[in-house]
Amino acid sequence: QPITSLNSTVSITTSYDPATLPANFSAANLQIGYFDSNTGQWEPVAATIDTTNHTFTMQVNHFTQYGPILNGVPSAPTGLTATAASASEIDLSWTASPTATSYTIYRSSTNSNFTTSIATGVTGTAYSDTGLSAGTAYYYEVAGVNANGEGLNSSSATAATSAASSGGGSSPGAISPVIVSSGGGGSSTATNPLPVPTPTPTVTTQKATSTPPASATAFTTPAAPVLTRSLYEGLEGDDVSALQTYLVEKGYLTIPSGTAEGYFGALTKAAVVRFQKDNGVDSIGIVGPATRAAFGVATAARATAASAASSGTTVAMFASNLGLYTSSADVQRLQTFLNQDPDTVVAESGPGSPGHETDYFGLLTERAVEKFQAKYGIVLSGTPATTGYGRVGPETRAKLNALR
């Protein structure tokens with residue numbers, strides 16, 4: 001049985017990282033405590049702080065979960081939201097921290113490195129950040145401040161300013177969304193509280209044919225969707241359908257059977273993020289100007305390859321990214337290729353095995369891709385969404401094509 005209660009006190013010394021303390025907080029004010037499951041509170045224990053060597057030493061008579069307590073500073077504000085009010089302004093609001101007397105606002109171009117404040121001494125629970133660049137995403141965190149110092153930052157929120165309108169006038173759909181994002185990679189939602197009707201735009205798109213390629217060098221070229229507004233989670237319409245069609249044909253999205261198209265949900269957002277990562281666009285899941293431009297670049301590159309194929313020029317065998325739950329002739333060629341190497345065989349028998357390749361990218365294919373990536377030092381761990389492990393992205397495709 002584990003020993004938790006002791007007959008006498010023992011001394012425990014451990015270190016703390018001063019870089020993790022809130023701004024303007026003195027380590028001398030740290031307390032050490034244990035979490036009492038009966039009260040649901042952190043209870044302080046006797047301890048001494050060595051601010052030179054960054055250690056604390058506590059005297060305890062039982063073993064449990066211990067940790068530092070930030071004495072007296074405000075708790076992190078909650079409910080931070082960011083609203084894009086125009087092409088140059090984002091409005092913030094949050095729920096007050098009970099003991100805070102003012103707030104410090106932090107801004108970053110990525111969802112990290114919130115080290116530089118843009119405003120201090122903010123006494124309310126709202127702030128307008130102005131003078132921003134059009135069509136750009138910004139990330140924010142807020143910290144409460146009182147006489148004891150500055151507390152921990154809130155979870156982050158992000159919003160993208162609307163694109164600058166041509167001719168100095170406003171255009172339909174120019175109001176950008178509110179993007180409320182939980183920090184640390186959590187789920188996010190998007191709403192638009194401004195009662196501005198957005199007319200359904202005219203969308204011109206051409207769906208590529210689904211006829212399987214006749215050879216390893218023949219493939220279809222999905223046309224880039226023509227979008228007249230930014231798209232984000234929660235929207236619906238013909239332009240969302242056009243976006244989904246493009247992502248499906250590029251291998252980024254699989255729409256489950258029975259699911260209606262035309263709604264920008266979590267699956268579509270995840271597919272947009274994967275496309276953005278592969279094409280050097282900020283991975284925020286919003287289809288803004290930069291992403292729409294990348295659609296055209298990706299389509300042009302594939303069209304060039306298709307043109308070379310039709311003229312008999314040697315081209316890459318794999319021109320699209322491939323991932324879990326997708327189906328295409330490229331997947332069947334991928335399985336055939338992987339099965340040629342004993343180290344990367346998809347399956348020993350049944351579907352996916354040599355001579356029984358399928359056009360479905362399932363878990364067995366994902367494992368085989370992981371083996372291929374590890375064998376050639378492309379990536380050794382992670383997930384398809386974080387590092388591309390198990391997914392055929394640009395680097396993996398380049399290696400496959402080099403070995404074909």
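I count a salt bridge when a side-chain nitrogen of Lys or Arg lies within 4 Å of a carboxyl oxygen of Asp or Glu. This is a predicted model, so I note that local features need pLDDT of at least 70, side-chain atom pairs count only at pLDDT 80 or more, and totals for chains, interfaces and linings use all residues. Residues are numbered from 1 along each chain as its sequence is written, and side-chain values use heavy atoms, with hydrogens and water left out.

**Entry 1: salt bridges**

I searched the whole structure and found eight salt bridges. I looked up Lys269 and Glu233: their side chains meet at 3.9 Å, N to O. Lys269 sits in helix H2 and Glu233 in the loop between strand S16 (188–191) and H1, so the pair ties together parts that are 36 residues apart in sequence. Helices (H or I, at least four residues) and strands (E, at least two) are DSSP runs, numbered from the N terminus. Both Lys269 and Glu233 are buried. My classes are buried under 20% relative accessible area, exposed over 50%, and partly exposed in between (1.4 Å probe, protein chains only).

Next I took Asp129 and Arg107, whose side chains form a salt bridge at 2.8 Å, N to O. Asp129 is in strand S11 (residues 126–129) and Arg107 in strand S9, 22 residues apart. Asp129 counts as buried because its relative accessibility is 4%. Arg107, at 30%, counts as partly exposed.

Glu366 and Arg367 also form a salt bridge, with the closest N and O atoms 2.5 Å apart. Glu366 is buried at 6% relative accessible area. Arg367 is partly exposed at 34%.

**Entry 2: strand S12**

How many of the ten residues of S12 are buried? I get ten of ten. Ala137, Tyr139, Glu141, Ala143 and Val145 point one way, while Tyr138, Tyr140, Val142, Gly144 and Asn146 point the other way.

I then listed the partners of S12, where pairing takes at least two DSSP bridges between two strands. Strand S9 (residues 102–108) pairs with S12 in the antiparallel sense over seven bridges. Thr104 stands opposite Ala143 there. Strand S14 (residues 157–160) is antiparallel to S12 over four bridges, and Ala137 has Ala160 as its bridge partner. Strand S13 (residues 149–153) is antiparallel to S12 over three bridges, with Val145 opposite Glu150. A hairpin joins S12 to S13 through two residues.

**Entry 3: nonpolar core**

I define a nonpolar core as buried Ala, Val, Leu, Ile, Met, Phe, Trp, Tyr and Cys residues joined through side-chain atoms within 4.5 Å. The largest has 26 residues, and those touching the most other members are Leu231, Leu243, Leu247, Phe264, Phe275, Val287 and Phe295. Strand S12 (137–146), helix H1 (238–249), helix H2 (266–278) and H3 each supply at least two residues. H1 gives the most, with four.

**Entry 4: open sheet**

I traced an open sheet of three strands in the order S1-S5-S4, with antiparallel pairing. Strands S1 (5–15) and S4 (47–50) stand at the edges with a single partner strand each, so one side of each has no neighbour in the sheet. Seven bridges join S1 to strand S5 (residues 55–62). Ser15 has Thr55 in S5 as its bridge partner.

**Entry 5: Tyr325**

I placed Tyr325 in the loop between helix H3 (289–310) and helix H4 (329–338). Tyr325 counts as partly exposed at 44% relative accessibility.
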